[in-house]
Amino acid sequence: PLPAGLARGGYGVVTLHRPANVDDPAMLGRVLAGLAAAARRLPLAWPMHPRTAARLDSFGLDMPEGVLRLPPLRYLDFLALMDGARVAVTDSGGVQEEAVLLGLPCLTLRPSTERPVTITAGGNRLVAPEDLARAVTEPPGPAAPIPLWDGMAGQRMRAHLAEILCP
């Protein structure tokens, strides 16, 4: 079940932990301002990474109105939260991939990504904090199928290992 106050398809999910976004008080303030503006258009659920929580506390920054702070979630609980969301806002490479695989539009709060295929496929967009409010109401469309992201990696690896180890 979703946390109290959240309805399937009626919220965005946030994950942020990268030093560039959370270690500098001014930058974290910009991110929080962007989340506040976005939350006026779409409620946001933020399972808080411990490092991000520590930075918020040490900088004396408050959670924006409309952003539900959650404790860190177990992996399957986090996937369920993502599956019920309308959009993901993240700086995590793994979350970018998971969002695209789930068909969840993704907004990446970074100037670049090590997962460019998620952008070229169409399911992810790089966004600056000040553009987040507009982006949550105009998220990217669904991603085109990504070659080799077909759930068959295990079978391909097994066949490859059999070829090498059992010629």
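1. Of the 167 residues in the protein chain, 40% are buried (buried means under 20% relative accessible area, exposed over 50%, and partly exposed in between, with a 1.4 Å probe and protein chains only). This is a predicted model, in which local features need pLDDT of at least 70 and side-chain atom pairs count only at pLDDT 80 or more, while totals for chains, interfaces and linings use all residues. Residues are numbered from 1 along each chain as its sequence is written, and side-chain values use heavy atoms, with hydrogens and water left out.

2. The protein chain contains 8 helices and 6 strands (DSSP runs numbered from the N terminus: helices are H or I with at least four residues, strands are E with at least two). From the N terminus, the order of elements is β-α-α-β-α-β-α-β-α-β-α-β-α-α.

3. The 6 strands form an open, parallel sheet in the order β3-β2-β1-β4-β5-β6 (two strands pair if DSSP finds at least two bridges between them). Its edges are β3 (67-70) and β6 (124-126), each of which pairs on one side only. Strands β1 (residues 12-15) and β2 (residues 44-47) pair over 2 bridges, and Gly12 stands opposite Leu44.

4. Helix α4 (residues 75-84) packs on the sheet and touches β1, β2 and β3 (contact means heavy atoms within 4.5 Å). Its direction makes about 135° with that of β1 (axes are lines fitted to C-alpha atoms, for helices over the stretch in contact, and angles run from 0 to 180 degrees between N-to-C directions).

5. The count of salt bridges is 10 (a side-chain nitrogen of Lys or Arg within 4 Å of a carboxyl oxygen of Asp or Glu). One of them joins Asp83 and Arg8 at 3.2 Å, N to O. Asp83 lies in helix α4 and Arg8 in the segment before β1, so this pair ties together parts that are 75 residues apart in sequence. Asp83 is partly exposed, at 40% relative accessible area, whereas Arg8 is exposed at 59%.

6. Arg51 and Asp23 also meet in a salt bridge, at 2.6 Å, N to O. Arg51 belongs to helix α3 (residues 50-59) and Asp23 to the loop between α1 (19-22) and α2 (25-39), so the linked parts are 28 residues apart in sequence.

7. A network of salt bridges links Arg18, Glu97, Arg110, Glu114 and Arg115. Within this group, the side chains of Arg110 and Glu114 meet at 2.9 Å, N to O. Arg110 is buried, at 16% relative accessible area, and Glu114 is partly exposed, at 38%.
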